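Visitor: Hi! Could you walk me through this model?
Guide: Happy to, let's have a look together.

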Amino acid sequence: MSTAGRSPVRGGWLDPNKPFKDGVRPRKQQLGLALRALCCLLHSDEPAETGRRFLKQAEAAERLDCAADELSRYLNDTRIPSQDFLEHLHKEAGADAAVSGQDVGITLEALLTLRASALAEQRGCEHCQEMSGRIDSLIQRLNAPCPQCAAHERQQEARRRRQRKLAARLRSASREETRLRLELAEMKVTVADLRAELAEKLAAKAGPRERLRAAPSAGTQLPVPRRPGDRQLSARDVSAARQLVAQAEELDGSGREDLAFTLLRQGTTELLTPAETALVVVELRHRERDQLADDLIHVYGRDQENKDVMAVALELHEKGAPDDAGAVLRAALG
C-alpha cells in the first residue's frame with residue numbers, strides 16, 4: 001500500500017501517467033493533471049505500516065462530495081468540474097499537505113485559470129481562446145525568472161566564489177606558516193646540536209691543557225693540544241664540518257635553499273674554526289653545491305674579521321682551491 005511521501009502505485013487511479021480518454025483537449029488535460037496532483041495529497045487518517053495511506057477513489061469522492069465516477073471523469077475525461085468543487089479540493093489538499101509537510105504546488109487562482117482556459121477550449125469561443133492565450137502568456141511571464149533577481153543571484157554567486165577562494169588562500173597561507181615554523185624549529189635543533197658538539201670539542205681540548213698545567217714537572221713531555229687558530233684538523237673536526245655540509249645539502253636538495261644557507265652561515269661563523277670553514281667550502285665544491293659555496297665565501301669574507309678571512313684563504317690555497325681563496329679575500333676587500 002502506498003504511503004505519505006511516496007508516489008501513487010503505477011496503474012492506480014492517481015497514476016500521473018495514466019492516459020486520458022479520447023477527445024480530451026490539451027487545456028483540459030492540463031487541468032486533469034493538476035487535479036490528479038491535488039488528489040495525491042489527500043491521505044487517510046488511519047495509520048499504515050510506514051505512515052498515512054493514500055485514499056481510494058471512492059473515499060476521495062466521498063470526501064469531496066461527489067460520486068466516484070464523476071471524480072474519474074474530472075481526472076481522465078472531458079468533464080470540467082465546477083468552481084466550488086475546485087475550491088473544495090484545493091482546501092482539502094492544502095490541509096493534508098500541511099500535515100505531511102508538503103507543498104500544494106499550485107495556487108487556487110492558477111487552478112481556476114486552468115478551468116477557465118479549458119472551458120474556453122471546450123466552447124470554441126475565439127474571444128475566450130484569445131483570453132486564455134493571454135492568460136497563459138501572463139503565467140509564463142510570472143514563472144519566468146526576474147532579470148534583476150537573476151542578476152542579484154549572479155552577484156551573490158560571484159561573491160560566494162570570491163569568499164571560497166579567499167578561504168582557500170588563507171588555509172594555504174596557514175599551512176605554509178606552519179611548515180616554515182616547523183622548518184625553523186628543525187633548524188634551531190640542528191644549530192643546537194652543532195653547539196653541543198662544539199662544546200664537547202672545546203671540553204676535550206681543555207682537558208689536556210689542564211693536565212699539562214697540573215703536572216709541570218713530569219718527566220715525559222705531554223703532547224701539546226692544537227690551538228684554536230691551528231690549521232691541523234682532527235677526525236672530530238672533519239666530522240663536524242662534513243655533518244654541517246650534509247645537513248645543508250639535504251635542505252638544498254629539498255628546495256629549501258634559504259634554510260641551507262642560513263645553517264651554513266651560522267655554523268661557520270658561530271661554531272667552526274677557519275680551518276673547518278675552509279673544509280666546508282671544499283666539501284661543498286666536492287658535492288657540486290657551487291651556489292652555496294659561492295654565497296658562503298662572499299658572506300664570510302664580508303662579515304668576518306680579517307685574521308679569520310686570511311686563515312680561511314690560506315687553508316683553501318693549501319687544499320688546492322686557489323680560486324676560492326682569492327674570492328674570499330676579494331670579498332673582504334670589497
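Visitor: Which helix do R73 and D69 both lie in?
Guide: Both lie in helix α3 (residues 68-76), four residues apart, about one turn of the helix. Helices here are DSSP runs of H or I with at least four residues, numbered from the N terminus. Before we go on: this is a predicted model, where local features need pLDDT of at least 70, side-chain atom pairs count only at pLDDT 80 or more, and totals for chains, interfaces and linings use all residues. Residues are numbered from 1 along each chain as its sequence is written, and side-chain values use heavy atoms, leaving out hydrogens and water.

Visitor: Thanks! What do the side chains of R73 and D69 meet in?
Guide: A salt bridge, at 3.8 Å from N to O. The term means a side-chain nitrogen of Lys or Arg within 4 Å of a carboxyl oxygen of Asp or Glu.

Visitor: And how many salt bridges does that rule give?
Guide: The count comes to 21. Among them, D96 pairs with R63, with the closest N and O atoms 2.8 Å apart. D96 lies in helix α4 (residues 83-100) and R63 in helix α2 (residues 57-63), so this pair ties together parts that are 33 residues apart in sequence.

Visitor: Is D96 buried or exposed?
Guide: D96 is buried, at 6% relative accessible area, while R63 is partly exposed at 26%. Buried is under 20%, exposed over 50% and partly exposed in between, using a 1.4 Å probe and protein chains only.

Visitor: Switching topic: at what angle do helix α10 and helix α11 cross?
Guide: Roughly 155°, and the axes of α10 (residues 274-286) and α11 (residues 290-303) come within 8 Å. α10 is therefore roughly antiparallel to α11. The axes are lines fitted to C-alpha atoms over the stretch in contact, with angles from 0 to 180 degrees between N-to-C directions. Under 35 degrees counts as roughly parallel, over 145 as roughly antiparallel, 65 to 115 as roughly perpendicular, and the rest as oblique.

Visitor: What about α10 and α12?
Guide: α10 and helix α12 (residues 306-318) pack at about 50°, with axes 8 Å apart, so the two are oblique to each other.
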